[in-house]
Amino acid sequence: MTKSALITGVTGQDGSYLAELLLSKGYKVFGLRRRTSTPIMENVEHIKNEIEFIEGDLLDQGSLISAIRISNADEVYNLAAQSFVGTSWEQSVLTGQVTGIGVTNMLEAVRLTKPEARFYQASSSEMFGKVVETPQKETTPFYPRSPYGVAKVYGHWITVNYRESFDMYACSGILFNHESPRRGVEFVTRKVTDAAARIKLGLEKELRMGNLDAKRDWGFAGDYVKAMHLMLQQEYADDYVISTGEMHTVQELVEIAFNYVDLNWKDYVIVDPKFVRPAEVDLLLGDCTKAKQKLGWEQKVGFQQLVQMMVESDLQKLSKYKV
Ligand code: NAP
Ligand code: F7E
């Protein structure tokens, strides 16, 4: 029998890769999409005729109940969020409402409408924040460092709580940073690959950055959405860390991107306090042994390959503007 899935945040980076994956597996895919004055469809343009879009918002409970009713989803992937850490200090209340309370709104819609549906919550390594142990695994205590991280901790625990209170199949994937050519341009990887391409093509002269010493465990979004799907195919619902187990600095990211276009990054990069955060997450490094053993999940794309893939994609997108 054909399975159906509802993806919130379908127009985002992960939503688009997950929709592709589920379509390739024969799912009927429904995507919750916000009404916007101009449609934001770039990531799903190529599959828009295969997805059934439902208008709704994580802040509007009725629209979420309707979405579950219309889709009659067997699997619900809650990927929608205000997902940019930087903005979470500027819009802390909104971030709390969407990224935190929005999870309860979605869980309530499932509980009231189709409690047997399987639920995935997009938790984050940002919950570890000022890390209390390295590497971080499922049992590592949380110490969030931003309004975004705090909201994700709430979303994480409400998912665990609904699993334990209502016996729902509700999982939380604690995903470390994952990137792709579809990454929003404000996130550091895409900001750097976009800038390297622009500078190479003569469209920009410099790149202003924040903390070059921050360390992250960066993987490829296309690999990570496979873990989301696997989490909903198990006998019991559980929570899993998904990561590469490798850590790099922002400076290494910059070096790889600029080397790829034969430029010396030191000639173009300026550190600007405007991009330094009020509270920083200095390092994140994940231990995904549990996911490897129980889900059989593994990453395919390495860090250098990922950065080069992103620069290449930005060069192609921007080449028509070359001066
Ligand atoms: P993204 O590209 O920023 O996508 C976020 C999606 O959420 C977009 O489709 C956006 O719609 C939608 N959205 C925002 N507010 C909404 C609202 N009020 N109601 C309905 N939809 C709303 O994020 P991503 O990188 O794909 O990440 C997916 C999820 O994983 C997020 O929850 C993120 O916090 C989490 N996460 C991401 C990472 C990572 O490294 N990428 C790591 C751990 C966890 P519009 O297109 O209309 O803006
Ligand atoms: O920053 C440093 C910055 O914005 C990474 C989201 O997907 O992953 C993401 O959150 C690091 C930070 O991602 C700039 O200070 C330096 O230390 O790419 P980012 P993030 O904050 O790690 C987690 C797992 C999520 O869940 C989130 O949704 O890079 N950095 N200079 C900079 N960052 C940005 N954005 N811009 C700079 O100029």
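Modeller: I will take the two ligands in turn, then some residues of the protein itself.

This is a predicted model, so local features need pLDDT of at least 70 and side-chain atom pairs count only at pLDDT 80 or more, while totals for chains, interfaces and linings use all residues. Residues are numbered from 1 along each chain as its sequence is written, chains are lettered from A and ligands numbered from 1 in the order in which they are written, and side-chain values use heavy atoms, with hydrogens and water left out.

Start with ligand 1. Its shell holds 23 residues, and T11, D14, R34, S83 and Y148 are the closest. A residue belongs there if one of its heavy atoms lies within 4 Å of the ligand. By class, 9 are nonpolar, 9 polar and 5 charged. Here Ala, Val, Leu, Ile, Met, Phe, Trp, Tyr, Cys and Pro count as nonpolar, Asp, Glu, Lys and Arg as charged, and the others, Gly among them, as polar.

Now the polar atoms. D57 places a polar side-chain atom 2.8 Å from a nitrogen atom of ligand 1. K152 has a polar side-chain atom 2.9 Å from an oxygen atom of ligand 1. G9 uses its backbone: a polar atom there is 3.4 Å from an oxygen of the ligand. On its own, ligand 1 has 900 Å² of accessible area, and the protein covers 89% of that. Such areas come from the Shrake-Rupley method with a 1.4 Å probe. Helix 1 (13–24), strand 5 (118–124) and helix 5 (147–166) each give two or more residues to the shell. Strand 5 gives the largest share, 3 residues. Helices (H or I, at least four residues) and strands (E, at least two) are DSSP runs, numbered from the N terminus.

Ligand 2 comes next. It also has 23 residues around it, with S83, S124, Y148, R277 and E280 nearest. They divide into 10 nonpolar, 6 polar and 7 charged. The side chain of R183 brings an N or O atom to 2.8 Å from an oxygen of ligand 2. E186 has a polar backbone atom 2.9 Å from a nitrogen of the ligand. V188 has a backbone N or O atom 2.8 Å from an oxygen. Alone, ligand 2 exposes 700 Å², and the protein buries 95% of that.

Finally, the protein itself. S172 sits in strand 6 (residues 170–175). At 0% relative accessibility it counts as buried, a class that means under 20% relative accessible area (1.4 Å probe, protein chains only; exposed is over 50%, partly exposed in between). Its side chain makes a polar contact of 2.6 Å with the side chain of S123. A polar contact is a pair of N or O atoms within 3.5 Å; within protein, one must be able to donate a hydrogen and the other to accept it, and residues adjacent in sequence count only if both atoms are side-chain atoms.

E179 is in strand 7 (residues 178–179). At 1% relative accessibility, E179 is buried. E179 and F220 are 41 residues apart in sequence, yet 5.1 Å apart in space, C-alpha to C-alpha.
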